[in-house]
Amino acid sequence: MHRASAMMLQRRIMSSRQSCDVFINHRGIDTKRTVATLLYDHLTMLNMRPFLDNKTMKPGDKLFDKIDSAIRGCKIGVAVFSPHYCESYFCLHELALFMESNKKVIPIFCDVKPSQLRVVDNGSCSQNELQRFNRALEEAKYTVGLSFDSLKG
């Protein structure tokens, strides 16, 4: 019985190490070198466990498996909206997963206003995915967030 309890405790510790406190959802070409990395570094200094793709994932990780499980296991999501955010299937998928998982999401509007964010139908998504992405984006646009102007810092 004692050995079984120890193994269960070890599994809990391992799973808590794998989960993250904050998942940072962002469009790399717009914010990877600025807001996303600064936020990751700051949260790390506060002894939190943030998830940022290029800092957290390792070669060989399955993209959707790792990201989806990190979102499901995180406590809070930060969505860094930027001019090219809505062009990314991955960004929109992650945002929709936040909303569907009922995660608390803090939007950061980086060089973009909420009213400028729109899902573009470029033919690469199904109608169901477009509806899913639009619902998530609309919910995020009407969530109190922060504004960031990269020219002002």
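F64 is partly exposed, with a relative accessible area of 35%. Buried means under 20%, exposed over 50% and partly exposed in between, with a 1.4 Å probe and protein chains only.

This is a predicted model, where local features need pLDDT of at least 70 and side-chain atom pairs pLDDT 80 or more, while totals for chains, interfaces and linings use all residues. Residues are numbered from 1 along each chain as its sequence is written, and side-chain values use heavy atoms, without hydrogens and water.

I next looked up helix 6. Helix 6 (residues 127–141) has 15 residues and reaches 21 Å from first C-alpha to last, close to the 21 Å expected at 1.5 Å a residue; the expected span is 1.5 Å times one less than the number of residues. I listed L130, R132, F133, A136, L137, A140 and K141 as its buried residues. They fall within an arc of 160° seen down the axis of helix 6, so they line one face; the arc is taken from the directions from the helix axis to the C-beta atoms. Q127, N128 and R135 are exposed on the face turned away from the buried side. The cover over the buried residues includes strand 3 (76–81), helix 5 (89–100) and strand 4 (104–110).

Last, I checked T37 in helix 2 (residues 28–45). T37 is buried, at 17% relative accessible area. Leaving out residues up to four places away in sequence, T37 touches T31, K32, L52 and K55, contact being heavy atoms within 4.5 Å.

Technical notes. Helices (H or I, at least four residues) and strands (E, at least two) are DSSP runs, numbered from the N terminus.
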